[in-house]
Amino acid sequence: MYDTIIIGAGMSGLAAGVRLAHFGRRVCILERHRAIGGLNSFYKQRGRTYDVGLHAITNFVPKGTRTGPLAKLFRQLRVAWEDWALAPQLGSAIIFPNAILQFSNSIEVLESEIRLRFPKQIDNFRRLIASLHDYGQFGQSGANRSTRKVIGEIISDPLLAEMILCPVLFYGGAREHDIEFDQFSILFRSIFLEGLARPLAGIQRILKMLASRFKEHGGELRLRAGVAKIAVKGDSVEKVILEDGSELEARNVLSSAGFAETMRLCNESQPDDQPDGRISIVESISVLNAPPRSLGYDRTIVFYNDSETFHYEKPEELIDLRSGTVCSPNNFAYPEPLDEGVMRITSLANYERWASLDKESYRQAKRDWYEKLVASAIRFVPDFRAAVIETDVFTPRTIHRFTGHAEGALYGAAQKRHDGTSHLKNLFICGNDQGLVGIVGAIISGISIANQHLLK
Amino acid sequence: MTAADIRVAILDILHDIAPDEDLSGLKEDVPFREQLELDSMDFLDIVMELRKRYRVQIPENEYTELASMGSTVRYLEPRMKDIAK
């Protein structure tokens, strides 16, 4: 009998596992996939290792900072700064037609860009910052306000409003078009008021640290251990039944599989809470024979959109080529350079369209759309195609395989369960569907749900 | 454990929670909250570490006794005097 069974070895499940195991609880993490990490995993192909989800870690603050989510995470998981060795971004940009806004890990850069490009809006922009909710208010305000409405009332130039929304939605918008203002506040803080960074060794370093710490404290991690069913008796989970038929008992179950996905495991019929489509993406990875900087590209991330209006929605086509993000993992301030140059391009994609392709059409579509995606992105960054030595593409199908999220939903369900509770008294929810997204957000979610419900 | 032992034990816990902090200049009677910006989650961790390491139970309404190093040692001294170092 375990104290807690955790479903999913992504960031939130691992973080919760570390907390519980550290304080002597008997914990087992069940992961369906052969690798840990969930959305933030990595895979090997033809001798190279690629990150799945990681562009950058948000919430970056300099060493020695004692407040904010990253500092909280480090203390809760007993992480020393050097354990992650985060390197800050060099500088990023939001590019729309006839407008570029550069930003860095210091908000002054974005402010001076806005003063230059949108001089009448700088005071409004400061008002927007002043109106952001605190981290502590997350999920508490209950106001459920539309960010488009809030921004529309403060920023009177629609182009600037779209440019501010673009990176925030790309980095955390679970529903189409808009985002709840609490969630916007968190994401805005994490991207613009704190900042972006990356560990030199990519996501592997963080995953390995979490997994090894979990095991050191006596935690049990099982891969290829998909859960087939959560057996319910009265108002509690009775046992967890794995796909191989074996049964496990636990006092509590903490699921990071997604809320709707977890309800299905309990055989609870769930009305689809998101009929307007879940957000998923496709990403192309181009390995270069030179660092991007030698091709004239030194930005960390570029968020681009080719018209004045940003459409954050599930496309009709396989991929929406109108907008996207370009990330070069090389362009962070590392103490030593990465081995190879890499350019990653991400755009919105349609899960059903990708899922309906047979094996050969899927392969062909990946090849065709790689070309289209890169051709679209080089309208906003230097043409790097002559330097490409290896490519790969991952699609909503890949995300579904790694996360188990319905429709390859990148940021989980639109409706969040902030308190982490469910209809059963010993079943709890953490991860994207509890409310927080991104690497830091997912880890904080695992920590706080473990603290609130499982460590008392 | 003596007051000095308890002080070392608390420093050890603080070092585990915040490995990057230099604790050598920690002041006796200035609240941890002020000096290290510890929050309620951190205080809960100190309580849980004390329970894990020394089996000392601290009721929730007495967490405030752990505000500073001085108050923590004074509070714990009678409760930990029979515990071996």
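This is a predicted model: local features need pLDDT of at least 70, side-chain atom pairs count only at pLDDT 80 or more; totals for chains, interfaces and linings use all residues.
Residues are numbered from 1 along each chain as its sequence is written, and chains are lettered from A and ligands numbered from 1 in the order in which they are written.

**View 1. An open sheet of 3 strands in chain A, in the order β10-β11-β12.** Strands here are DSSP runs of E with at least two residues, helices are runs of H or I with at least four, and both are numbered from the N terminus. Two strands pair if DSSP finds at least two bridges between them. The pairing in this sheet is antiparallel. Strands β10 (227-233) and β12 (247-248) of chain A each have a single partner strand, so one side of each has no neighbour in the sheet. Look for β11 (residues 236-242) of chain A, which pairs with β12(A) over 2 bridges. There you can find I241(A) opposite E247(A) of β12(A).

**View 2. A hairpin made by β3(A) and β4(A).** Strand β3 (residues 42-45) and strand β4 (residues 48-51) of chain A run antiparallel and are joined by 4 bridges.

**View 3. R224(A) in the loop between β9 (220-222) and β10 of chain A.** This residue is not a glycine, yet its phi is positive, near 50°. A residue is buried if 20 or more other C-beta atoms (placed from the backbone) lie within 10 Å of its own, exposed if 12 or fewer, and partly exposed in between. R224(A) counts as partly exposed because it has 13 C-beta neighbours inside 10 Å.

**View 4. R55(B) in the loop between α3 (40-54) and α4 (69-80) of chain B.** Here is another residue that is not a glycine but has a positive phi, of about 55°. R55(B) is exposed, because 9 other C-beta atoms lie within 10 Å.

**View 5. The contact, with 14 residues from chain A and 12 residues from chain B.** Two residues are in contact if their C-beta atoms, placed from the backbone, lie within 7 Å. Helix α2 (residues 69-77) of chain A gives the largest share of chain A's side, 3 residues. That side of chain A divides into 4 nonpolar, 5 polar and 5 charged residues. Ala, Val, Leu, Ile, Met, Phe, Trp, Tyr, Cys and Pro count as nonpolar, Asp, Glu, Lys and Arg as charged, and the others, Gly among them, as polar.
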